Structure formats: C-alpha cells, structure tokens
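Dear colleague,

Please find the structure below, together with its sequence. My notes on it follow.

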2 protein chains.
Amino acid sequence: MKIVRKTYKDQVVGHVYQLLLTGELGPGDQLKENLLASQMGISRAPIREAMQELIMNGLVDYRPQVGNFIPILSPKQIIDSYTTRGVLEGYAVMETRNQFSSAELETLENLTAQMEHFAEQLNHKMVVEIGAEFHDLLISKNDNVQLLEYTNRLSLKLHILFCRHWGTLYSATEIGSRHRAIVESLRSQDPDRIEKTVREHYVETGSKIAEL
Amino acid sequence: MKIVRKTYKDQVVGHVYQLLLTGELGPGDQLKENLLASQMGISRAPIREAMQELIMNGLVDYRPQVGNFIPILSPKQIIDSYTTRGVLEGYAVMETRNQFSSAELETLENLTAQMEHFAEQLNHKMVVEIGAEFHDLLISKNDNVQLLEYTNRLSLKLHILFCRHWGTLYSATEIGSRHRAIVESLRSQDPDRIEKTVREHYVETGSKIAEL
DNA sequence: CGGCCGCCTAATGTCGACAATCGACAGGCA
DNA sequence: TGCCTGTCGATTGTCGACATTAGGCGGCCG
C-alpha cells in the first residue's frame, strides 16, 4: 500500500470536493473560511491554502477581498471545458493508438457493455464509475506528464458538472454507441479519425450539459 | 486606467517569476519561506499562498515537510510541456483559421521579419518579446476560456525554459522559416495542416531545449 | 572500521489574533 | 422621491509564535 501524506490542506480539498459532488454546495454558494475552519476543527491557514488549489483547478471562483464562490458556469464555459478535455484526451489517445492489445480493446468493449447494463438499471453511480475506468484505460498508455496533469485536473471539474445532471443526459443505447464509436476508431488505427472521435465525444456531452 | 488589486501573494508570485527569469534561481534551488518573507518584508502566510499558485503552474516543485524547489526537468518533461502547448495552441489556431484578415496575416509576416532582424543583431530579448506578440495574435481569435487558461499558464513555464537557453537555439533564418511556415499554413486554410504545423513548431523547440 | 541509532537543527505545518477592505444599510440632501 | 454618502458588520488579508517533522550529525555498538 502506498502511504500518502495527508496534510490538512489536502483533506480540505477533498472535503470541499465531496461537498461539490453531493450537491451540498451548489453554483453561487460562498465558501466562508471561518465556517469551514470551525466545521473541520482547524484554523483558517490550511483552508486558505486549499482554496488556492481549488481556485487553480477551476472548482472555486475567487473574488479579491470578497470571498470564494462556487462558479456559476455559462453554457459557453461548460462547452469550453469539455472541448479542452476532448482536445487533450484526443491527442493522448491518438498518439498511443498502436499500443493497445486486442485484449485491451475487448476490455474497452466490455466496459461499454457494462455501462449500457447499469444505465438500463438507472444505476448512474456505476455508469460514472465504469465510464471513468473506460477513459482511464484509454489514456493509460500515454506518459506525457504535462498533458496528464491537465487532463486529470479537468476531470475533477467535469466530474462535478456531469454528476449534477446524471441520468438526464444519455439513454443506455446512446451511451453504448458513443463509447463503441471510440473503440471502433481505435481499431481503425486512423489517427485523424481517433482524435476527431474523442474530441467529438466530449464536445457533444459539453453541449448537452450546457443547454440544460 | 484599469486598477488592479495587488495582494502580497500576487507580488510574491511576480517576484519569484522574476527570480526565475533572471536566473537568480536555478533548477534544484530551494525556496525557503523564511528567507523570502524577510527579504520582502512580509510574513510567511502570503508566501505560502503564492507557493500554491507556483506549484500548480509547475514553476515550483513541492515536497511535503521538506520544502519547495525549482524543478529539475528531465528532457522528457521538457518535451512533454512543449508538446502539450503545441496541442492546445494548434487546436486554438486551427479552430479560428478563417477569422484572420489579410491585414493580420501581413502583421504576422511583419513580426516574423522583425524577429529575423533582431535575431541577426543577437538582440534575444526583443526576439522573445516579438515572438510572444506573434503567438498572442495567433491565439487572439480564440475565446475558449479554459483552453486559454491552460495555454497562458504553460507560457510562463515555457518562457522560463526558453530564456535559459536563448541565443543557442535557432539562427535568424531558422526563426524566419519556422514562423513563416505557420503563416503559410494559415493562408492555406487547411485545418489539419495548420494544427500539425503549430504542433510541430512547439515539439521541435521542446526537443531542441531538451537535448541541451 | 563500518553501520545503526538517537538527538538536534532547520525547515515546513498550523494556530489564534489583529488589520484592511468590501458590501449593505440607513440617513441626509437636492 | 431618488441619489449620494458615511457608518457598520462581516469576511478576507496578514501577522508572529508555536508545533511538528525530515534529514544531518555524532556517538555507540558490533
């Protein structure tokens, strides 16, 4: 087991992230340092340092001398974030297109089937979980640390957006065809097609969320 | 005139950035909070918050309970950073390819000529400055806030890398042809060619710096 | 003589208090 | 009545001190 150092700051980041996922904190809400500090039983210093990280990840909106707020994202900002993720992941997958074994391609198809399965049961939590696994495997071949850094950070932001609307986005068959399209593009080994498919995958979701 | 609030944290970020640019701080050096605080005549709190921002921008390497250090980037990490910038900017330019007026294309060629000019005079500071102007104009048409956010952050990191080696990278004619290739691809209006050209532009520079 | 163990120092991590600033509200003036 | 202005409360920005920990140094033991 990997030992990870958990400084208060990291715990605060995790705590706020959970608040965002569960919906206890919604767009427009203010994060008051005193309140968070007393709730967690610590002082404001680690809170403020955690804020810096959340701000840089786009999870919190900072207004000098006023406070930290949960961002109210405009439709365009939502699409922008998804598009950027698509650009990054599309390149990452395209670059490593010939490193996927047929077993791994089958795993991807397996995960797709599982997503369809859970979607039919309206088990959205599992759909999201398997979906994350799918995309993790997709980019697992790439070792561009800078690109992965940005991709992972965007994941957090998009994950929150997605969870705010899960269940209302895609039907089971749509989920299936959307992900199968990616696997098929991978099988084709056509770099341009792969990159375009992954991009479109994200832009489409971004647009859907944006128009809600 | 735009009034900008300058909190201590922001000033610290700027200060450290300057130290990095001037080379007063080099790879491997430790940033001691006490030292910085006393040098700037402030307490450690704003210093630590500034560190968070620098860490997230990849300008500082954080080791828990040990300290903050200027990163020693491996050749691969350097290439990764440049590649990522190329992917982002390549997409940004490609997407806005039909929004450039012929006057603006001429401006780009003008800037290219100026770069050649200053490069011949070994005026590297101006080459970098005009180069920044060139790329600013290139991505100025794009309004994807998320993509611009990441692009700008990477700029800081790459700028430092570039300034550590200026003068040893390209000859005047190379600078000219490298940038002219971008303008020509823009003129062609071929999306794939534009994106590929900009990508290659960055990957090439990354590789050059990496092998020094 | 070499390796292991415990102390010590110097750095980071955290705290509670004070200062500065913004936004809201109430009061006064035209 | 409507707008401007001064005050007030709440929240962020900053500070100096204390707690904690990593890594180096010296001594002890085999």
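H4(A) passes H7(A) in a left-handed crossing (the near helix is turned anticlockwise from the far one by less than a right angle). The model is predicted: local features need pLDDT of at least 70 and side-chain atom pairs pLDDT 80 or more, while totals for chains, interfaces and linings use all residues. Residues are numbered from 1 along each chain as its sequence is written, and chains are lettered from A and ligands numbered from 1 in the order written.

Helices are DSSP runs (H or I, at least four residues), numbered from the N terminus. The axes of H4(A), residues 75–95, and H7(A) come within 10 Å and cross at roughly 140 degrees; axes are lines fitted to C-alpha atoms over the stretch in contact, with angles from 0 to 180 degrees between N-to-C directions.

Tyr150(A) lies in H7(A), residues 145–164. Tyr150(A) counts as buried because 22 C-beta neighbours lie inside 10 Å (the cut-off is 20 or more, with C-beta atoms placed from the backbone). Beyond four places in sequence, its contacts (C-beta atoms within 7 Å) are Leu88(A), Thr84(B) and Tyr150(B). Leu88(A), under the same exclusion, is in contact with Leu147(A), Tyr150(A), Thr151(A) and Val87(B).

A rotation of 180 degrees with 0.0 Å of shift along its axis superposes chain A on chain B, RMSD 0.0 Å (least squares on C-alpha atoms with pLDDT of at least 70 in both). The copies are thus related as by a two-fold rotation axis.

Yours sincerely

Technical notes:
Helices (H or I, at least four residues) and strands (E, at least two) are DSSP runs, numbered from the N terminus. A residue is buried if 20 or more other C-beta atoms lie within 10 Å of its own, exposed if 12 or fewer, and partly exposed in between; C-beta atoms are placed from the backbone. Two residues are in contact if their C-beta atoms, placed from the backbone, lie within 7 Å.
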